[in-house]
Amino acid sequence: MSDQLTPEMVRSLEQELAAKEAELAKISKSRGQCRPIVMGEESDNSELSAIAEQEHALRTSISSIRRTLDTCPVIELDSSDKTVVGVGAIVTLELTEEGDEPFEVQMTLAKDTNIDMNRKIAHFTLNSPIGKCIVGQKVGFIGEYTVKGNAATHIDDSKYGCKILAIQY
């Protein structure tokens, strides 16, 4: 998770939290509907074991989201401060993928996925891995981010290093 959140990220996390809490309530209710008559049978009930695993995973995820919302500072992306990466910024970055030579790229920070594809410059969003890494940062910032892989296509996670070289508006 990011060290700082934008208001959009907070709203997204709050929606995710509400959805997970609703799912937990639904799963917990289903646990009560399949409770065995004899309590000793509970350890042999695979349905109850599966429900308990789902509940544990949801509680862990809910706890993580709450911790993020409670501890990460919220930054305003005030576009009047032209020294930090904010919405609409054209950012020149030096990127390095694990083990490869660095390369330079220029990207624009878009507020969401509704981006103008006719422009000749790459875009990234606030909630993208690179967006979470560099939003609110200044020229000279050096950071790392991970792009999650896809098990279905056998693509592993990729780690990148980045350095902000320039910010324009």
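**A close look at the sheet**

Modeller: Let's start with β1 and β2, which run antiparallel and are joined by six bridges. Strands here are DSSP runs of E with at least two residues, helices are runs of H or I with at least four, and both are numbered from the N terminus. Two strands pair if DSSP finds at least two bridges between them. Before going on, keep in mind that this is a predicted model, where local features need pLDDT of at least 70 and side-chain atom pairs count only at pLDDT 80 or more, while totals for chains, interfaces and linings use all residues. Residues are numbered from 1 along each chain as its sequence is written, and side-chain values use heavy atoms, with hydrogens and water left out.

Now zoom out a bit. The protein has three helices and five strands, arranged from the N terminus as α-α-β-β-β-α-β-β. The five strands make an open, mixed sheet in the order β3-β2-β1-β5-β4.

Across in β2, M107 stands opposite V91. Beyond its neighbours within four places in sequence, V91 is in contact (heavy atoms within 4.5 Å) with V85, V105, Q106, M107, F124, I134, I164 and A166.

V91 also belongs to the largest nonpolar core, a set of 30 residues in which V91, L93 and I134 touch the most other members. Such a core is made of buried Ala, Val, Leu, Ile, Met, Phe, Trp, Tyr and Cys residues joined through side-chain atoms within 4.5 Å. Buried means under 20% relative accessible area, exposed means over 50%, and partly exposed lies in between (1.4 Å probe, protein chains only). Two or more core residues come from each of α1 (7-33), α2 (46-71), β1 (90-97), β2 (103-110), α3 (129-134) and β5 (158-168). The largest share, six residues, is from α1. In soluble globular proteins, nonpolar side chains tend to be buried together.

The structure holds one aromatic pair, formed by Y145 and Y160, which are stacked at 5.3 Å centre to centre with 15° between the planes. Y145 lies in β4 and Y160 in β5, so the pair ties together parts 15 residues apart in sequence. Rings of Phe, Tyr and Trp (its six-membered ring) pair if their centres lie within 6.5 Å; planes under 30 degrees apart count as stacked, over 60 as edge-to-face and the rest as tilted. Y145 counts as buried at 9% relative accessibility, and Y160 counts as buried at 17%.
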